[in-house]
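Please look over the sequence and the three-dimensional structure shown here before turning to the report.

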Amino acid sequence: MTWLDQIITMLEWPLMQRALLAALLVGAAAPVVGTFLVQRRLALMGDGIGHVALTGVALGWLVGNWANLAQDDTLAVPGAVVAAVVGSVVIELVRERGRTSGDLALAIMFYGGIAGGVLLIKVAGGTNANLMAYLFGSISTVSGGDLWWTAGLALIVLAAGVGLRTALFSVSYDEEFARGSGLPVRFLNMLIATVAALTVTIAMRVVGLLLVSALMIVPVAIAQVFARSFGRTMALASTIGVAVSVVGLSVTYWQDYPPGATIVVLAIAVYAVAATLRPLVHRPARHEDPHPEVQDDVVLASTARD
Amino acid sequence: MSAAQAEPAHADGRPVIQVEDLGVALGGQQILSGIDVAVGPGEVVALLGANGSGKSTLVRALLGIVPIDSGTVRLFGQPLGAGVPWKRVGYVPQRLPAATGVPANAIEVVASGLLTGRRLRPPRDARARALAALEQVGMADKARRPVHELSGGQQQRVLIARALVRSPDLLVLDEPTSGIDIPTQQTFVDTVQRLHADGATVLVILHELGPFAPLIQRALVLRHGRLVHDGAPPHARDEHAEPGHEHTHPHADPETPGAGPTITIEVTP
């Protein structure tokens with residue numbers, strides 16, 4: 001069988017079709033949000049939301065258990081969405097108040113999120129093994145219903161991130177100026193936080209909560225090696241996100257590797273290559289004096305008046 | 001501050017900036033109190049005062065960047081908020097924010113100035129307008145360069161362009177001449193001159209009048225968060241320039257010497 005036949009066989013498999021489509025959507029959406037987060041110096045925000053979302057998963061599990069739902073995990077994803085949105089809004093409020101104590105507050109939220117999740121899943125009658133699928137991803141278990149959720153949320157994330165990119169850029173780049181322009185800064189900040197939370201929950205199935213942030217941030221890190229503008233960085237990061245997600249997932253069709261980890265390792269490998277090649281990409285500027293042609297501000301001793 | 005003193009000399013319309021009994025507290029400290037000012041259309045007003053006297057805070061309060069504790073601020077007759085015609089207000093902060101991992105080129109930074117108030121999407125001709133604004137400050141050839149690669153003076157020009165791209169009727173400048181090379185200072189002065197000729201109102205924070213001196217019609221002086229002078233610009237610069245001059249003036253002290261090392265700079269217009 002040639003490699004082409006193999007790929008066709010892979011694409012004919014419904015489970016793989018769903019998984020690839022989810023990877024494609026998440027791969028495109030996550031770096032769009034990641035671009036804003038990197039610009040806001042909140043590269044680790046995705047991790048924070050991911051940790052909090054774990055408590056949401058366990059809470060959903062607990063509620064599902066109490067409500068005697070057929071499947072314990074029916075409410076896991078909605079629980080994660082709620083917890084992630086609440087968590088991201090709290091992180092944003094902490095950031096808004098000032099940075100000094102924010103760092104500590106975020107750290108406490110991170111730990112609280114993981115500990116709460118592990119504790120609650122036990123209370124809900126589950127085991128830590130149940131959490132593993134959320135921590136490290138379980139794209140092979142993506143069902144038709146999951147795919148609709150993922151597709152819907154990914155489209156919301158893309159629409160907000162791309163459609164309002166100038167406004168989100170303005171508020172991420174220079175918040176004071178945006179405020180002084182009368183822009184609804186708080187709304188835009190909350191929008192970024194909420195969109196980041198939604199991204200975490202859709203990427204949860206693909207790469208897992210612990211690696212969600214990688215899919216948001218690493219493609220941006222790769223893109224900024226090459227790009228020289230915000231728009232280019234975002235477009236390139238999104239393309240790279242799709243490429244590593246689809247390629248990484250496809251690898252696991254032939255090799256029994258965990259998909260989430262494969263995608264992230266692949267992305268980091270691409271970054272390593274890109275960073276190594278950086279000197280070649282940024283060819284030295286034409287032979288010119290980098291200093292602008294400007295008159296001296298000071299009168300030198302040799303030319304000064306007495 | 002009585003209302004009579006706050007009345008601009010030649011107000012021929014309703015004030016562009018109207019501040020009544022403004023108080024601002026930040027971090028539990030009262031930064032500004034009892035500020036009453038009205039700036040009429042077409043005025044060029046300098047805001048002077050020592051470091052820490054509250055100049056930047058006043059400007060930031062006027063633009064709604066820092067919350068107001070007491071009193072009211074009206075821009076173009078509208079209280080701060082969604083009702084202000086933000087499109088008519090251009091603000092030039094002291095410097096660009098620190099660089100982050102994501103590059104942004106000059107066009108993108110300038111185009112972000114086109115979003116004001118409830119306008120969250122740029123107009124169709126945003127790129128062309130951003131380029132035109134960069135052209136006005138002599139930066140058209142560097143429009144596609146990432147701003148963090150530009151020199152300090154060039155970054156300042158990008159910031160002016162970001163305010164100019166709206167064609168503002170009120171321009172607010174925060175210390176445009178501090179730490180800036182002479183050609184860029186001149187760009188600021190030219191910009192203010194041109195806008196003034198078109199009838200715009202200008203409020204500019206300055207340490208000393210410097211190259212702006214011929215343009216300034218009126219000066220406000222802040223000391224310890226209170227307005228201590230509102231009227232003719234103090235002519236501090238000549239006296240300051242004399243060797244061994246004493247910091248006593250018949251009028252309000254416009255500036256106390258800073259603590260840092262002193263560098264004498266000759267500004268040749």
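The sections below take up each chain, some selected elements, and the contact between the chains.

## Chain A as a whole

The model is predicted, and its chain A has a secondary structure of 13 helices and 0 strands, so that the pattern read along the sequence is α-α-α-α-α-α-α-α-α-α-α-α-α. The C-alpha trace of chain A spans about 95 × 55 × 30 Å along its principal axes.

Of the 306 residues that make up chain A, 48% count as buried. When contacts in chain A with a separation of 6 or more are considered, 75% of them are accounted for by residues 24 or more positions apart.

## The packing of α3 and α4 in chain A

Helix α3 of chain A, residues 45-66, packs with helix α4 of chain A, residues 76-97, at an angle of about 140°, and the axes of the two helices are 6 Å apart. Because of that angle, α3(A) is oblique to α4(A); angles over 145 degrees would count as roughly antiparallel. The crossing of α3(A) and α4(A) is right-handed.

On the side of α3(A), the contact is made by M45(A), G48(A), I49(A), V52(A), A53(A), T55(A), G56(A), V57(A), L59(A), G60(A), W61(A) and V63(A). On the side of α4(A), the residues that make the contact are A76(A), P78(A), G79(A), A80(A), V82(A), A83(A), A84(A), G87(A), S88(A) and I91(A).

L24(A) has its place in helix α2 of chain A, which covers residues 14-39. L24(A) is buried because 20 other C-beta atoms lie within 10 Å, and a residue counts as buried when that number is 20 or more.

Leaving aside residues up to four places away in sequence, L24(A) touches V242(A), S245(A) and V246(A). The C-alpha atoms of L24(A) and L153(A) are separated by 13 Å, while along the chain these residues are 129 residues apart.

## Chain B and its helix α6

Chain B contains 7 helices and 10 strands, and 46% of its 269 residues count as buried. Among the contacts in chain B between residues at least 6 apart in sequence, 69% join residues at least 24 apart.

Helix α6 of chain B, residues 182-197, has 16 residues and reaches 22 Å from its first C-alpha to its last, which is close to the 22 Å expected at 1.5 Å a residue. The buried residues in α6(B) are T184(B), Q185(B), T187(B), F188(B), V189(B), T191(B), V192(B) and L195(B), and the elements of chain B against which these buried residues pack are β3 (44-49), α5 (152-164), β7 (170-173) and β8 (201-205). Just after α6(B), a positive phi of about 95° is taken by G199(B).

## Where the chains meet

How many residues of chain B are in contact with chain A? There are 33 residues of chain B in contact with 32 residues of chain A. On the side of chain B that touches chain A, at least two residues are supplied by each of α3 (106-111) and α6 of chain B, and α3(B) gives the most, with 3 residues.

The residues on this side of chain B divide into 20 nonpolar, 9 polar and 4 charged.

Notes:
Residues are numbered from 1 along each chain as its sequence is written. Chains are lettered from A and ligands numbered from 1 in the order in which they are written. This is a predicted model: local features need pLDDT of at least 70, side-chain atom pairs count only at pLDDT 80 or more; totals for chains, interfaces and linings use all residues. Axes are lines fitted to C-alpha atoms, for helices over the stretch in contact, and angles run from 0 to 180 degrees between N-to-C directions. Helices (H or I, at least four residues) and strands (E, at least two) are DSSP runs, numbered from the N terminus. Angles under 35 degrees count as roughly parallel, over 145 as roughly antiparallel, 65 to 115 as roughly perpendicular and the rest as oblique. A crossing is left-handed if the near helix is turned anticlockwise from the far one by less than a right angle, and right-handed if clockwise. Two residues are in contact if their C-beta atoms, placed from the backbone, lie within 7 Å. The expected span of a helix is 1.5 Å times one less than its number of residues. A residue is buried if 20 or more other C-beta atoms lie within 10 Å of its own, exposed if 12 or fewer, and partly exposed in between; C-beta atoms are placed from the backbone. Ala, Val, Leu, Ile, Met, Phe, Trp, Tyr, Cys and Pro count as nonpolar, Asp, Glu, Lys and Arg as charged, and the others, Gly among them, as polar.
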